[in-house]
Amino acid sequence: MLLLALATALAPATALAQFNGNTGNDLLSDEGADVQRVNDNNRSSAAAAANGTALPGGVTQLRQPMRNTSGASRGDQPEDRSAHPVERPYEPGEFERYVQQQASAMQQVEQPVQGQDDTAHPPAAPRAIRRFGANLVTDDAQVGPTQDPLPVVPGDYIVRPGDEIDLVIWGTVEADLQLRVDRAGRISVPRVGTINVAGLRNADLADEITRRVGQTFRNFRLSVSLGQVRAIRVYVAGYVQHPGSINVSGLSSILHALMRAGGPSAAGSFRDIHLRRQGKEIAVFDLYDLLLKGNRDTDQPVQPDDVLFVGPIGTQVAVLGSVNQPAIYELKPGETLDDVLRMAGGFTAVADRSRVAIERLADRATGKVTELGLPEHQRDTMATGDLVRAFSAVAAALPQVRQNEHVRIEGEVAHPGDYILPPGSRIADALRAAGGMTAAAYPFGTDFRRESVRRVQQVNYDQALRSFETDMAKSQANQRATSAEELNSQASSAQSNARLLERLRQIKPTGRVVLQLPPDAATLPDLPLEDGDTLSIPQRGSSVGIFGSVFNTGSFVYESGHTTQQYLALAGGPTRSADKGSIFMIRANGSVISAQQGSSFWHAGNKFSSATVEPGDTIFVPEELNKSTFVQNAKDWTQILYQFGLGLAGIHALGL
């Protein structure tokens, strides 16, 4: 053993050290600091020594020096992993809340008109309008307080007391050491001694350690890197969410410290952030440089005991409407309308770039809104509280005479499909675009539907339903029962009326427009088209439908010249419970004639029974209703249904 120690002392050039120190991430832990970390194949031959251990082959193994745990009590500890400001929810300022109300109101105005049956696309939720930059510094998804803000220590980082240095040596010397910089700025390398490293740049650290190790060993190479860096304390003051002292990583910059303090408050500036050190101003950080230009030149690293001061917020201007980034922006003195529009990302692709509207704080009480033409007013200065609205060039509907017509043509045409026609197009233009009608077309039965008509029908139909419901309630309230039989009858009638009302609510208007054509018409009326029109031309039918209270319901072969009376005879005629005075016929073109109309069909003198039936017509015989019920005294709902273009499906839905 004595010879081995003597050989080690006399042959430093062939010494080899290898050590595996504390690999834990917790810098406060000293557990295992004096435990040798060597490969399993070397542990059996390793012997403990104060500074090194000789291994077979003349290799010297250096041991990790024992940690000086007293440094932790003197303030050399890293960042406290448990202490960080309590998160508070984002609290918008007064102006921010006002702008959000205006944005919600604007969205409701711009929401397209929807029918009552249009539930597939509910109105979108109002978009949150916040201060520009608030998402970066106030969102919960921040870098945690225990994480280094940079994955790699930059070369210009200045080594400080409390930092940890990872030193690996190989070649004729092997070592794997984790060395803490003490308060004197030194690290201690076994067999080498202390090395002053505090104040060195990270890029110069390897050269200095190589120089010192080379004074003791030869024929080696080494790698030096910074592990955990010591936390530093900085002070955050001014208009910030969590003012006071905070601990941050030694790699932190102004932005990291600002995020750690919760960001500027609602009254704090995003563009007037000062870094002060020992009474001198080091930098003024403008967060907009980073957000708008990607420039972090003024985002300087912080050092121990630095002061970060957030100034009061400057001029606030809101930008809404057709811009790429609606938000509330903070302006510096001298910045103009053009500057704030650039901050908002400019106009959207469909924006009206010729004008904007400005609602100024001074005019808010009167509701005055000023419209500014562009570009002549783009250099106008802005005042705090201004609200700029950018218009959409496509949100408002153009006059009908200037709109392209998107129409659908179906059925018996050469080329059915959707067509975009120029403004002012008519039905004849649509038929030409579709290649004209085929030889089998039946113009009299054409189903022409219009969206604007459907909306009007829906409004009127809803009003009629409300009137019916009101009349029904009044009638039931005025009814008096003198016997149990009458009471049961009234209850049954009320239930029937309630079921009828529910069925009526389920029926929706179609928007069909009846084309006034003779049955033998060969062309369609040349009406002007509207956007969304649908033209469906059927094939000439070969049957006539008979439904309702007849002995044999169904479809019957069309016979030219046959009348309603003849077709009713084919169906066996009305039953005993049929209401013969209310029989009606639905023509193929959507019009309705009934027995109550007497002689008012196409030609004077014709009665309903002698009316000529055409292909595709449908005869309906309703059931006789109880004369004492309210339904009999209510409006003729069959007539109402056809006035609103509800068709035969509406009659079937009522179960009549």
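Q: Which residue does R355 stand opposite in β16?
A: R355 stands opposite G373 in β16. The model is predicted, with local features needing pLDDT of at least 70 and side-chain atom pairs counting only at pLDDT 80 or more, while totals for chains, interfaces and linings use all residues. Residues are numbered from 1 along each chain as its sequence is written, and side-chain values use heavy atoms, with hydrogens and water left out.

Q: What makes β15 and β16 a pair?
A: Two strands (DSSP runs of E, at least two residues) pair if DSSP finds at least two bridges between them. Strand β15 (residues 351-359) and β16 are joined in the antiparallel sense over 4 bridges, so they meet the definition.

Q: Why are β14 and β16 called edge strands?
A: The open sheet of 5 strands runs in the order β14-β13-β17-β15-β16, with mixed pairing. In it, β14 (327-331) and β16 (370-373) each pair on one side only.

Q: How do you know that the span of helix α11 agrees with its length?
A: The expected span is 1.5 Å times one less than the number of residues. For the 28 residues of α11 (residues 451-478) this should give 40 Å, and because the end C-alpha atoms are 41 Å apart, the two agree.

Q: Which residues of α11 are buried?
A: Buried means under 20% relative accessible area, with a 1.4 Å probe and protein chains only. Among those in α11 are R454, Y461, D462, F468 and M472.

How values were computed: Buried means under 20% relative accessible area, exposed over 50%, partly exposed in between (1.4 Å probe, protein chains only).
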